[in-house]
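Reader: I have a model open and a few things to ask about it. Can we go through it piece by piece?

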Amino acid sequence: MQVAHKNWPHVEQYLRHKSALIIPIGSTEQHGPNGLIGTDHLVAESLARKVGEENGILVAPTLAYGMSHHHLAFPGSASLSPDTLIRVIRDVVTSFARNGFSRFFFINGHGGNVSSIQAAFSDILLDHPKIRLQLASWWLLPEVTEQEKIFFGQENGHHATCGEVSVTWHLYPEDETPIKPGVAPDPETEWPVGPDRYRVLFPDGRMGSNPSLSTGEKGRVLFEIAQKALTDRLLKFLARDGSS
Ligand SMILES: [Zn+2]
């Protein structure tokens with residue numbers, strides 16, 4: 001159910017019965033010394049594809065760059081400015097809206113995107129009152145945070161978390177890189193911080209996490225919980241005022 005693997009008559013046919021589109025969005029940024037740089041977009045993309053398949057809803061190509069300024073002191077990270085990200089989201093949504101989509105369900109994998117996504121939504125809705133928009137950030141779903149608490153307690157942390165590292169190991173076991181036990185510093189004294197200051201405060205890139213607790217099996221459990229919770233939010237969103 002991916003737009004990228006359809007031709008336009010397929011999409012036109014889909015739009016005769018449905019108007020919903022799932023858009024995965026993440027980032028390209030460091031995730032500590034053992035986490036994947038693509039974590040946030042890879043997880044959002046995999047969840048979006050599963051949720052799309054399960055519910056017969058098309059999935060747009062992933063927005064793989066996000067607002068990651070604070071990670072730029074680590075090699076491999078790339079960032080969009082908040083205003084660029086707002087414009088990218090607005091242009092992508094209004095393009096799809098022009099050819100018939102009207103309900104957009106964003107599956108987000110990165111905290112730094114949230115304020116820009118919300119700003120973009122406000123901007124779009126001002127000029128396009130018929131568009132419906134919903135943001136679902138998978139790692140903030142209570143079903144997911146409850147299970148993470150059981151698996152990792154306080155050591156889940158805030159960036160390069162045990163949970164997201166586990167999910168990437170479930171999805172990409174060949175990329176699994178172990179790490180020595182130990183909780184990364186998490187001084188909650190100032191935020192936001194720029195890239196150089198971030199590297200001083202969080203020297204190996206993690207924030208308060210101990211990903212030695214991560215396993216692919218825990219990742220599988222978290223992924224399935226997230227998939228179920230996202231399907232629940234998607235169906236509620238689509239049921240709100242008529243057909244999907
Ligand atoms: Zn992340």
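Author: Let's start with the largest pocket, which is lined by 36 residues, with W139, G157, H158, H159 and T161 lying nearest its centre. Keep in mind that this is a predicted model.

Reader: What volume does the largest pocket have?

Author: The volume of the largest pocket is about 830 Å³.

Reader: And how do the lining residues divide into nonpolar, polar and charged?

Author: The lining of the largest pocket has 11 nonpolar, 17 polar and eight charged residues.

Reader: Which helix gives the most to that lining?

Author: Helix α5, residues 142-152, gives the most, with three residues.

Reader: Switching to R206. Where is it found?

Author: R206 is in the loop between α7 (195-201) and α8 (216-239).

Reader: Buried or exposed?

Author: R206 has a relative accessible area of 8%. The cut-off for buried is under 20%, so R206 counts as buried.

Reader: What does the side chain of R206 reach?

Author: The side chain of R206 reaches the backbone oxygen of G182 at 3.1 Å. A polar atom of that R206 side chain also lies 3.0 Å from the backbone oxygen of S209.

Reader: Which residues does R206 touch, not counting those up to four places away in sequence?

Author: With those set aside, R206 touches G32, P33, H159, A160, I179, G182, A184, P185 and P211. H159 in that list is also one of the residues that lie nearest the centre of the largest pocket.

Reader: Now H41. Which helix does it lie in?

Author: H41 lies in helix α2, residues 39-55.

Reader: Is that one buried or exposed?

Author: Buried: H41 has a relative accessible area of 16%. Leaving out residues up to four places away in sequence, H41 touches G26, S27, T28, T62, L63 and A64.

Reader: Last topic, the largest nonpolar core. Which residues touch the most other members?

Author: I89, F104 and F106 do, out of the 52 residues in the largest nonpolar core. Helix α8 gives the most to this core, with eight residues.

Reader: What is F104 in contact with, leaving aside neighbours within four places in sequence?

Author: On that basis F104 is in contact with L21, I23, V93, F96, A97, I131, R132, L133, Q134 and F237.

Reader: How many residues are in the second, separate core?

Author: The second core has six residues, including F74, V193, L201 and F202.

Terms used. Residues are numbered from 1 along each chain as its sequence is written. This is a predicted model: local features need pLDDT of at least 70, side-chain atom pairs count only at pLDDT 80 or more; totals for chains, interfaces and linings use all residues. Side-chain values use heavy atoms; hydrogens and water are left out. Helices (H or I, at least four residues) and strands (E, at least two) are DSSP runs, numbered from the N terminus. Buried means under 20% relative accessible area, exposed over 50%, partly exposed in between (1.4 Å probe, protein chains only). A polar contact is a pair of N or O atoms within 3.5 Å; within protein, one must be able to donate a hydrogen and the other to accept it, and residues adjacent in sequence count only if both atoms are side-chain atoms. Contact means heavy atoms within 4.5 Å. A nonpolar core is a set of buried Ala, Val, Leu, Ile, Met, Phe, Trp, Tyr and Cys residues joined through side-chain atoms within 4.5 Å. On a 1 Å grid over the protein atoms alone, a cavity is a set of points where a 1.4 Å probe fits but cannot get out, and a pocket is an open set with protein on both sides within 12 Å along at least five of seven lines; lining residues have an atom within 4 Å of a point. Grid points are joined across faces, edges and corners, and a volume is the space filled by probe spheres set on the points. Ala, Val, Leu, Ile, Met, Phe, Trp, Tyr, Cys and Pro count as nonpolar, Asp, Glu, Lys and Arg as charged, and the others, Gly among them, as polar.
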